[in-house]
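Please look over the model below with these notes beside it.

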Amino acid sequence: MKEALAVALLLLAALIPSASSSAASGSAFLWSRHYEPFSTDGIRELVNYQTISPKDLAKSILSKGGWSDFLCLGKKSQQPVDVALVFLGREVQSLDISANNHADPALVDLLKVSFTRSNFSMAFPYVAAIEEETVETSLISGFTETCGQGLDTSSIALLGSCSLKGDNYHKLSDLQSLNDYLASRKEKRPEGKADLVMFCHEAPGLSSESDVPPSESEIFSELLLSMEQSGQKFASLYVSRPYSSIQYPSSRELERFLAEGGALTNITCDGVCQIKSSLLEGVFVGLVLLIILISGLCCMAGIQTPTRFEAPKES
């Protein structure tokens with residue numbers, strides 16, 4: 001009986017993932033065809049395998065990525081860039097990269113092509129989730145802390161679902177308004193400085209089959225094409241906003257995923273998932289029966305029934 005209980009517990013431990021595996025992280029990729037930072041000593045490709053927060057990501061982008069030269073006042077870039085483009089998406093998570101399982105293969109191909117054509121690139125495979133604030137808020141906070149008073153927030157434009165506190169940001173509605181905004185900024189832009197454009201793409205919720213929203217790769221590709229056609233020199237940063245895995249979620253993680261607009265229609269249970277669920281159900285049923293059996297044996301052992309009865313005495 002003890003051996004059976006030990007086997008059941010080992011099987012249950014194998015099926016339930018550890019707490020460390022449930023924490024998901026996003027990825028970030030930086031590249032540009034128009035400049036190469038001098039802080040890298042001629043190294044054109046850098047990869048940071050440390051798990052960092054979005055705020056630390058912003059600091060690395062400014063220091064090692066060279067964005068401080070054209071975003072922070074008081075510095076002058078010898079390789080002028082007109083626009084620093086930041087795209088916040090969802091599709092390229094760290095677990096997808098390690099498992100070679102991508103929700104949007106076209107987006108991965110787009111990132112690969114952009115990397116191969118760039119003069120400089122950086123990759124951050126592990127960007128941790130922050131519960132207290134959004135990724136766009138953390139990035140702007142990291143830029144501000146690194147630049148000090150030298151970050152001009154009036155040169156920041158927002159598209160999509162980006163949400164930042166304050167009214168001094170330019171909120172644009174579509175790509176045409178972005179092109180008009182950048183055209184108007186050519187004369188107002190300080191020499192050697194760049195405008196920061198941030199596009200936040202949110203995963204679509206439930207929709208009918210006849211109204212299929214454009215994918216993340218289509219939107220990002222259209223945005224990059226629009227930037228190239230405008231003739232602006234730009235540097236690109238793609239950040240996949242992390243969220244916790246919904247395969248084995250806690251109540252707080254599931255609440256956050258649903259609040260962020262996760263589409264539950266794409267969640268499927270494959271063959272491995274069904275096998276694990278069946279085994280887990282069997283283990284639970286076996287544990288319940290085992291507890292009942294042990295309880296019954298303990299009750300029977302506690303009943304002290306006499307083995308012999310005295311014969312009735314004759315009167």
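1. Basis of the note. This is a predicted model, in which local features need pLDDT of at least 70 and side-chain atom pairs count only at pLDDT 80 or more, while totals for chains, interfaces and linings use all residues. Residues are numbered from 1 along each chain as its sequence is written, and side-chain values use heavy atoms, with hydrogens and water left out.

2. Cys72 and Cys147. The structure holds two disulfides, a disulfide being a pair of cysteine sulfur atoms within 2.5 Å. One of them joins Cys72 to Cys147, with an S to S distance of 1.7 Å, and its -55 degrees about the S-S bond make it left-handed. Because Cys72 lies in the loop between α4 and β3 and Cys147 in helix α7, the pair ties together parts that are 75 residues apart in sequence; helices (H or I, at least four residues) and strands (E, at least two) are DSSP runs, numbered from the N terminus. Cys72 is buried at 4% relative accessible area, and Cys147 counts as buried at 14%, where buried means under 20%, exposed over 50% and partly exposed in between (1.4 Å probe, protein chains only).

3. Cys162 and Cys200. Here the sulfur atoms are 1.8 Å apart, and the link is right-handed, with 95 degrees about the S-S bond. Cys162 sits in the loop between β5 and β6 and Cys200 in strand β7, so this pair ties together parts that are 38 residues apart in sequence. Cys162 is buried, with a relative accessible area of 13%, and Cys200 is buried at 2%.

4. Cys298 is exposed, with a relative accessible area of 51%.

5. Nonpolar cores. A nonpolar core is a set of buried Ala, Val, Leu, Ile, Met, Phe, Trp, Tyr and Cys residues joined through side-chain atoms within 4.5 Å. The largest has 38 residues, of which Leu57, Trp67, Phe70, Leu196 and Met198 touch the most other members, and its largest share, five residues, comes from α7. Apart from it lies another core of 26 residues, among them Trp31, Leu178, Leu182 and Phe220.

6. Helix α9. The buried residues of α9 include Ile219, Phe220, Leu223 and Leu224, and what covers its buried residues includes β1, β3, α6, α8, β7 and β8. Just after α9, Gly231 takes a positive phi of about 80 degrees.

7. Gln232, in the loop between α9 and β8, is buried at 5% relative accessible area, and the residues it touches (contact means heavy atoms within 4.5 Å) include His34, Asp82 and Arg189. Glu145, in helix α7, is partly exposed at 46%. The side chain of Glu145 makes polar contacts with the side chains of Lys55 (3.4 Å) and Lys59 (3.4 Å); a polar contact is a pair of N or O atoms within 3.5 Å, where within protein one must be able to donate a hydrogen and the other to accept it, and residues adjacent in sequence count only if both atoms are side-chain atoms.

8. Annotated span. UniProt, in an unreviewed entry, places a "transmembrane region" at residues 283-303; such annotations may be inferred rather than shown by experiment. In the model that span is 95% helix and 0% strand, with its end C-alpha atoms 30 Å apart.

Definitions and conventions: Lists of a residue's contacts leave out its neighbours within four places in sequence.
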